[in-house]
Amino acid sequence: MPAGEDSLAHRRHVCSRVIPQSRYSLTNRLDLEKIFGRKAPLEVDLGCGNGSFLCALAQSMPYKNFLGIERLLGRIRSSARKAASLNNVRLLQMESSYAVRYLLPAESVETFYLLFPDPWPKRRHHRRRIVTPDFLGYVHTALKVNGGIYIATDHLDYFRKIEETARSTSGFAIAEVDVELPPSGFELIFREQGAPIHWLALRKVSPVT
C-alpha cells in the first residue's frame, strides 16, 4: 500500500527526490548513476514547474531516468510531493541554464524539454530569454548523439526568435514533433484560453563548431 502523504515514509520519499544543494553539486558534474541508483537513459525537464508533466512522463516510462530542474522552491516542493512514489525522478533547485552548462555531463541526456519558458516580451528584457546560441551550444554538449530538445511556447514572437536562433546554430536539425506528450500545466491553461501552442523539435546531428 502506498504511504499516506502525512506518513514518515512519504516524507522521506519526498526528501529523497530532491538532489541536496552542496558545494560539490555546484562545482562538479552530477554523478547521475549515483543520484538515480542505476544507469538508464536520461530525460530532463527544464523549468519543471509543479512537476505534473515530469511525473506523467516518468510514470509512463519507468525504464528511463527523469531530472526536473526548477529555480523556485515552492515548485520544487510540489514536484517532490508528486514524485514521492516514482523512483525514477530526481529534482534539482537551480537555474536551468546554469545546470545545463555546468552540471550535466557531456553526452548524458537523451531528451530535453523546455516548455513555455518566460518570453520576456518587452524588448529591453529580451536578453533574459533562455534560448540563445550559447544555451543551445550547452544543450548540444549535454545531448547524446541523435538526442534532442522539444521546445513549446504560446508566444509567437518568441517562437520565431527561437526558430531563427536554432537555424543559425550549428549541430542541430529541425525535426518533426512526432511524439505524444502529456500536457503541462501551462499548456492546459493556454488551451483553455484558446491560445495556439507553437512547438519546435531539434535533433543533435553534428558537433558545434
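Residues are numbered from 1 along each chain as its sequence is written, and side-chain values use heavy atoms, with hydrogens and water left out. As the model is predicted, local features need pLDDT of at least 70 and side-chain atom pairs count only at pLDDT 80 or more, while totals for chains, interfaces and linings use all residues.

The chain contains nine helices and seven strands; helices (H or I, at least four residues) and strands (E, at least two) are DSSP runs, numbered from the N terminus. Of its 209 residues, 44% count as buried, where buried means under 20% relative accessible area, exposed over 50%, and partly exposed in between (1.4 Å probe, protein chains only). Among the contacts in the chain with a separation of 6 or more, 77% are made by residues 24 or more positions apart; contact means heavy atoms within 4.5 Å.

In helix α4 (residues 52-60), the buried residues are F53, L54, C55, L57 and A58. The buried residues of α4 pack against the strands β1 (42-46), β2 (65-70), β3 (89-93) and β4, and against helix α5 (73-82).

Helix α6 (residues 96-103) and helix α7 (residues 133-142) have axes that come within 9 Å and cross at roughly 45 degrees. Axes are lines fitted to C-alpha atoms, for helices over the stretch in contact, and angles run from 0 to 180 degrees between N-to-C directions. The two helices, α6 and α7, are therefore oblique to each other: angles under 35 degrees count as roughly parallel, over 145 as roughly antiparallel, 65 to 115 as roughly perpendicular and the rest as oblique. The crossing of α6 past α7 is left-handed, a term used if the near helix is turned anticlockwise from the far one by less than a right angle, with right-handed used if clockwise. From α6, the contact involves S97, V100 and R101, and from α7 it involves F135, Y138 and V139. These contact residues divide into four nonpolar, one polar and one charged; Ala, Val, Leu, Ile, Met, Phe, Trp, Tyr, Cys and Pro count as nonpolar, Asp, Glu, Lys and Arg as charged, and the others, Gly among them, as polar.

V139 lies in helix α7 and is buried, with a relative accessible area of 0%. Its C-alpha atom is separated by 9.0 Å from that of S97, although V139 and S97 are 42 residues apart along the chain. Not counting residues up to four places away in sequence, V139 touches V100, F112, I149 and F172.

The count of disulfides (pairs of cysteine sulfur atoms within 2.5 Å) comes to zero. The closest cysteine sulfur to that of C48 belongs to C55 and is 8.2 Å away, too far for a bond. Both residues are buried, C48 at 6% relative accessible area and C55 at 7% relative accessibility.

Two loop residues are also buried. S108, in the loop between α6 and β4 (109-115), has 13% relative accessibility and counts as buried. Not counting residues up to four places away in sequence, S108 touches L32, L42, A142 and K144. K64 is found in the loop between α4 and β2 and is buried, with a relative accessible area of 11%. Its contacts, leaving aside neighbours within four places in sequence, are R38, A40, P41, E43, N88 and E110.
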